[in-house]
There are 2 protein chains.
Amino acid sequence: MTKKAAATWRMTDALAAKLVSFEGKVRTRRFAEGEQLYRQDEINTCFYFIKSGLVQVSIFRRDGTEVVLENMGPNALCGEGSAFDGLPRFSTAVAVEPTEALEFDTTRIESLLRADPELALAMLRLTSLKQRILALRLEHLVSNDPEDRILELLRRLSQMFAIDHERGRKIITHLTHEQIASMTGTSRVTVTRTMGRLREKGMLFIEDGFTILANDEDSEEN
Amino acid sequence: MTKKAAATWRMTDALAAKLVSFEGKVRTRRFAEGEQLYRQDEINTCFYFIKSGLVQVSIFRRDGTEVVLENMGPNALCGEGSAFDGLPRFSTAVAVEPTEALEFDTTRIESLLRADPELALAMLRLTSLKQRILALRLEHLVSNDPEDRILELLRRLSQMFAIDHERGRKIITHLTHEQIASMTGTSRVTVTRTMGRLREKGMLFIEDGFTILANDEDSEEN
DNA sequence: TGAGCGCTGTATCGCCGGATACGACCGGGT
DNA sequence: ACCCGGTCGTATCCGGCGATACAGCGCTCA
């Protein structure tokens, strides 16, 4: 049950534009803090484009632990996976802030696609991006080295939510060690230990509570 | 460098039908054993629908280890992720058997989508399925328990490639422990140990070299 | 038929991450 | 000021996985 957090995912404005253009043509919904957009195991055909707010998408495992997939902020799309394949949702989405979203329904989207082939392309590009992120997370999760797992997350955040800084990239998204732990499949203690090590190595700095990831001059990741 | 293996992924015939119908309208390509369909880090816009043969999709990590994402058999789609988002491929696809595939090009697919909105839906459904599989793998990879990781793989295979058997589901796909290890991020020894434990618990049987996964009406695991 | 190879089953050992516990710090609320 | 909840830092202990090595076994092929 992680608490309020900043977004860990978003898309480029160009991609979002296509979805935004449907405002008015589809239902706009508001979710209060704590309200669920959809719940694991249920079947339905809606997916959401988030206009404002913050939605946490996570999987609850059988042993009770929670795996946070992503914190979706403005311009993110969520729920499209299970909306299209008609199978029970594999994740739960909860608004952790008051959220406004466009609700698309796949049972009605066929007509939209017919009318606007660009929408199909935009959707495919979006799901492709998600596929990429998932695959990259997978790549680093197979490793049992926590440093590897945590760096992968930080690098992704540094790409998506960071601003340049004299010593690297300042990551605006603030995550507690607990949250990082639940996203990387490690323990809170290990996150603390590992980030301490990274700091000693000069790969990481903390300033005003923000994490600064040093540019990896040593290699050419991503 | 895992060797020849059986498929670990496929889609339902209904979904495949739409793609198959494009035979003749798009290029058909043949790949010899060992030939690459695409390579990690390169950029191009093609994706493939496999008609026959077997393609191994894997990620080569910086430390040199290989993560096998999937062995794609007939009726599988691969490469669509990086084909659509225009970023460097995150995986490498190699034919491990002589393979015949339909080659789609995203730069030309727009016209196809326009002409046939059903194609867009089929593609979205397909990528959704892939997203689901990736997310489920993720869910189990965050766990450091090898039993968890390995069971997830076996359950997936049991759903996709197994036939009923008096003691459970007989998994046709034959994988060596080494291959299972590289798909689950564990060591070969651990796979052997873990599967031994599962056998003792009666959750697993080996017969004629095939793995039989007991139906989990026994519900309680770990 | 025998040699060689790949796969499976074990054993030993070192290491490191999880569990647990506790203290320091910071901020908000009464 | 005081308390309190949340977060970060650190110590200890234990279990189990990875690395490595080796033995038995069933192939294939000469």
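The model is predicted, so local features need pLDDT of at least 70 and side-chain atom pairs count only at pLDDT 80 or more, while totals for chains, interfaces and linings use all residues. Residues are numbered from 1 along each chain as its sequence is written, chains are lettered from A and ligands numbered from 1 in the order in which they are written, and side-chain values use heavy atoms, with hydrogens and water left out.

**The sheet in chain B**

Let's start with the fold. Chain B has an open, antiparallel sheet of four strands, ordered β9-β10-β12-β11. Helices (H or I, at least four residues) and strands (E, at least two) are DSSP runs numbered from the N terminus, and two strands pair if DSSP finds at least two bridges between them. At the edges sit β9 (162-165) and β11 (204-207) of chain B, each pairing on one side only. From one strand to the next, the twist averages 30°. Axes here are lines fitted to C-alpha atoms, for helices over the stretch in contact, and angles run from 0 to 180 degrees between N-to-C directions.

Helix α5 (residues 146-161) of chain B packs on this sheet and touches β9, β10, β11 and β12 of chain B, at about 85° to β10(B); contact means heavy atoms within 4.5 Å. Helix α7 (residues 188-200) of chain B lies across β11 and β12 of chain B, at about 105° to β11(B).

**Meeting the DNA**

That α7 turns up again at the DNA. α7 of chain A and α7 of chain B each supply at least two residues of the surface near DNA strand D. A residue is near a strand if one of its heavy atoms lies within 4 Å of it. For DNA strand D, α7(A) gives the most, with five residues; for DNA strand C, the largest share, five residues, comes from α7(B).

Of the DNA atoms within 4 Å of the protein, sugar or phosphate accounts for 55% in DNA strand D and 53% in DNA strand C; the rest belong to bases.

Here are some polar contacts (pairs of N or O atoms within 3.5 Å; within protein, one must be able to donate a hydrogen and the other to accept it, and residues adjacent in sequence count only if both atoms are side-chain atoms).

| Residue, part | DNA atom | Distance |
|---|---|---|
| H177(A), backbone | phosphate oxygen, DNA strand D | 2.9 Å |
| R199(A), side chain | phosphate oxygen, DNA strand D | 3.2 Å |
| T190(B), side chain | phosphate oxygen, DNA strand D | 2.3 Å |
| S187(A), side chain | phosphate oxygen, DNA strand C | 3.1 Å |
| H177(B), backbone | phosphate oxygen, DNA strand C | 2.9 Å |
| R188(B), side chain | base oxygen, DNA strand C | 3.0 Å |
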